Amino acid sequence: MAAAGSAVGLGNIWKFPYIAGESGGGAFLIIYLLCVIVFGLPLLVTEFMIGKRSGKSAYGAFRQLSGNNRWQWLGWLSMLTAFIIMGFYFVVTGWCFNYLVEAIRHTFHGQDAAALNAYFDGFVGNIPRVLLYSVVPVVLTASVLWFDVNKGIEKLSKILMPLLLIMMLLMAGRVLMLDGSNVGMQFFFRIDFSQITPYVVLEAMGQCFFSLSIGMGALITYGSYMPRYQSVPAASVQVAVLDTLVAVLAGLIIFPAVFAFGFNPAEGPELAFVVLPAILEKMSFAWLSGVLFFGLLCIAAVTSTISLMEIVVAFFCEATAETRHPLNRHKSVLLVSAIVVLMIALCVVANLFDFYDKVTSCIMMPLGALGMSIFVGWGLSRNGDQQPQFNAKGIKRPVVALYLLSIRWIVPIAILLIFLYNIGLI
Ligand code: PHE
């Protein structure tokens, strides 16, 4: 459940619909689902197993399992990736907090598509305000890590996540009753093969990594908390299914409404933020629905930022432990928060939003995944005593064989091919 809390977040509700909207709807959806199966499942298993087996987070896990320092760069890559993601993730989380406040003030009452678009443009154009709202979730996240109340948040999210799911189901129900919603359904489910380009495939792969929180060692930490009896494949399937369900549900809510209300599906990053208030206004108990939805969205975002910041805090603590200036947890939290605020400022002021997003999802996370698949598929198996790779006891043989086939061949070759196609070498 905790790993699902990390996975389910803005990636599902904000990013998935906007990328799908820009990349042809149904064509993107089908490639995305394929990516979840081809990359998502084997990599979830890989990260959970690395964590479970080593009992460590990304920094120490690779050294522990390989017995040397050659794979240390994967830990560094994961730390860097987390920093850059936080640089824009907190900004969007800040948008959510702003929209929560506006939902409480019932600002969007009676506004049409044009007014909602104008509101969004006005808001993101106000840099001090955007910065202020981005810092709020940083402080919140840092406080959770400072007071070490992650466990409490995990318990809380066990109640709130299902609530978010119910809320989204209700919204989907309402949207399907709108006139013209069928056009959106067609957009989301009809596959137009001419829309499938190498770039769309790269985006779908990147979105899959981002949404499942894979390719950067975030889930290694969760694996290290797993009790012995817990089955890694079962946990992986659960996280993949839940995360994908939430993303598809978000698409089911947003696209029919896009066409019913006269928005543009290729609106860009503002898509969810202009369409969702319009839908919420159509719900019965509109005010309450708005406040509840944006409140839950903020919490879903913060459970993801907690896992992002935790990676870096743990990295700083572990990496400095043997030096002359070890950082304790509190100092790490402060230092990391300060750097994150700088990254956010750079993102907003220098307009690096798209750069942060693309460089992490489409380059760094696939690179991390490539490294991890080679590490597990080839690096570890050379080392005789690491066989069978991951205490595969109790797991059926065909499952293990399929996993090894994926992690040794399919995952690395597919990532390389997608890269080469996009650089234009193929
Ligand atoms: N998966 C999260 C989301 O979809 C984002 C995230 C990425 C969290 C990487 C942790 C690590 O919102």
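How many aromatic pairs does the structure hold? The structure holds 35 of them, where rings of Phe, Tyr and Trp (its six-membered ring) pair if their centres lie within 6.5 Å. This is a predicted model, in which local features need pLDDT of at least 70 and side-chain atom pairs count only at pLDDT 80 or more, while totals for chains, interfaces and linings use all residues. Residues are numbered from 1 along each chain as its sequence is written, and side-chain values use heavy atoms, leaving out hydrogens and water.

**An aromatic pair to look at**

- Phe62 and Phe375 pair edge-to-face, with 5.2 Å centre to centre and 75° between the planes; planes over 60 degrees apart count as edge-to-face.
- This pair links distant parts of the chain, 313 residues apart: Phe62 belongs to helix H4 (residues 58-66) and Phe375 to helix H16 (residues 353-382).
- Helices here are DSSP runs (H or I, at least four residues), numbered from the N terminus.

**Around the ligand**

- A polar side-chain atom of Tyr89 lies 2.4 Å from an oxygen atom of the ligand.
- Gly11 has a backbone N or O atom 2.9 Å from a ligand oxygen atom.
- For Ser6, a backbone N or O atom lies 3.5 Å from a nitrogen atom of the ligand.
- The protein covers 100% of the 320 Å² of accessible area (Shrake-Rupley method, 1.4 Å probe) that the ligand has on its own.

Notes: A polar contact is a pair of N or O atoms within 3.5 Å; within protein, one must be able to donate a hydrogen and the other to accept it, and residues adjacent in sequence count only if both atoms are side-chain atoms. Rings of Phe, Tyr and Trp (its six-membered ring) pair if their centres lie within 6.5 Å; planes under 30 degrees apart count as stacked, over 60 as edge-to-face and the rest as tilted. Helices (H or I, at least four residues) and strands (E, at least two) are DSSP runs, numbered from the N terminus.
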